[in-house]
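The points below are meant to be read beside the sequence and the model.

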Amino acid sequence: MNNHVTILEINGNALVHNLNYFKQKLNQKTKILAVVKASGYGSDALQIAEFLKDKVDYFAVAYTSEGIALREANIKTPILVLHPQIPNLQAIIDFDLEPNLYNFSIFTAFLKLAEDNSLSNYPVHLKFNTGLNRLGFHFKDVPKIITLLKETTHIKVAYLFSHLVASEDKNEQSFTKNQINRFNEISTEFYKNLDYKPMLHMLNTSGVINYPKAQFNMVRIGIGLYGFGNNKKETALLKNTHNLKSIISQIHTIEKGETVGYNRAFTANKQSKTATIPIGHADGLSRKLGNKKGFVLINNKKAPIVGNVCMDMIMVDVTEIDCTEGQEVIIFNTQEMIQHIADVTETISYETLTGISHRITKTLSV
Ligand SMILES: *Cc1c(COP(=O)(O)O)cnc(C)c1O
């Protein structure tokens, strides 16, 4: 039982709208991989996967444990694990997950396990570094990989893939095009030298928006599913999926000169009314939003956060708002409100969403 009254409502209709928005930009044959890492960008990967399982071709998670959780929830869709970690490779096999193999250490470790487990044609994804310098084989590794692949029937490369560095940045167009060219050269080498053709995937959300020609066989959509494009225009065409709500725990009347919260950070300059809301920095609401940098909505009116954000609570100024204890409070329910929080806290929507804490109950509804 979770009696924390602050809840994140995940809007299933918005998810479907966003998915369809990207589908109509793509060729009909192009497969869709929904990225549900980091609890589905701060929401709930299990509920999202359960809801989308018949609407997408693949899921991706960052870590093996996230993939196991989906399998334990009876999700049967193929799952790519982007950063599997060598000690978890047996679990990858046991739970029928597909590993990203990105260098010779993990490649040979997985190959050895595939032999030990007498697997045949186990699907793997090989990642190539085309400029991000994060994870991935180098172009010059290709001949050695091909030699190793020709000697085994235990694994089969389902996909080759790579990741763009700056797909959202128009100023980096020539760099991005070089990455795409490099990826094409790599796949050409594989096609020349292997007797089967692995499929390909490269684009994330902004990649689909800016470089749809490089959609290859599949695209990996994360933030776009959750309502954010790479500019205001694209974002406006998407729907918000994350609605964070709470209720008023207590209302105080504050006399002129009284202070509110830790360190007396707010002093009332007239008789005022404050509402205490059960959400704080432990829930992912940054302390940077204190002292009127952030606000919530009560009765459709902006109530600025006064004083410091506490671990479990905030106090907001409701002097001008007609409201009562127990009443609903919107922390955010639009992309604009999420972007405002991201701007004030000097980050991006990705971090604002993934920062929503595990303590908050999540419910997906349509
Ligand atoms: C997180 C991630 C994605 C999703 O990116 P978005 O910008 O959220 O669409 C795609 N590919 C890889 C390799 C990732 O790590």
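1. Helix 12 supplies four residues to the lining of the largest pocket, the largest share of that lining; helices (H or I, at least four residues) are DSSP runs, numbered from the N terminus. Helix 2 (37-42), helix 9 (205-210) and helix 12 (349-354) each supply at least two residues of this lining.

2. Please keep in mind that this is a predicted model, in which local features need pLDDT of at least 70 and side-chain atom pairs count only at pLDDT 80 or more, while totals for chains, interfaces and linings use all residues. Residues are numbered from 1 along each chain as its sequence is written, and side-chain values use heavy atoms, with hydrogens and water left out.

3. The largest pocket has a volume of about 880 Å³ and is lined by 35 residues, of which Lys37, Tyr41, His163, Asn204 and Tyr350 lie nearest its centre. A pocket here is an open set of points on a 1 Å grid over the protein atoms alone, where a 1.4 Å probe fits, with protein on both sides within 12 Å along at least five of seven lines, and lining residues have an atom within 4 Å of a point. A volume is the space filled by probe spheres set on the points, which are joined across faces, edges and corners.

4. Because domain 1 (12-229) and domain 2 (242-365) both give residues to its lining, the largest pocket lies between them; the domain bounds come from an automatic or database domain assignment.

5. Of the 14 residues around the ligand, Lys37, Tyr41, Thr205, Ile223 and Tyr350 come nearest, where a residue counts as near if one of its heavy atoms lies within 4 Å.

6. The protein covers 94% of the 390 Å² of accessible area that the ligand has on its own, with areas taken from the Shrake-Rupley method with a 1.4 Å probe.

7. The second largest pocket has a volume of about 240 Å³, and its lining includes Phe228, Gly229, Gln335 and Asp343. Helix 10 (232-237) and helix 11 (335-344) are the elements that give two or more residues to this lining, and helix 11 gives the largest share, four residues.
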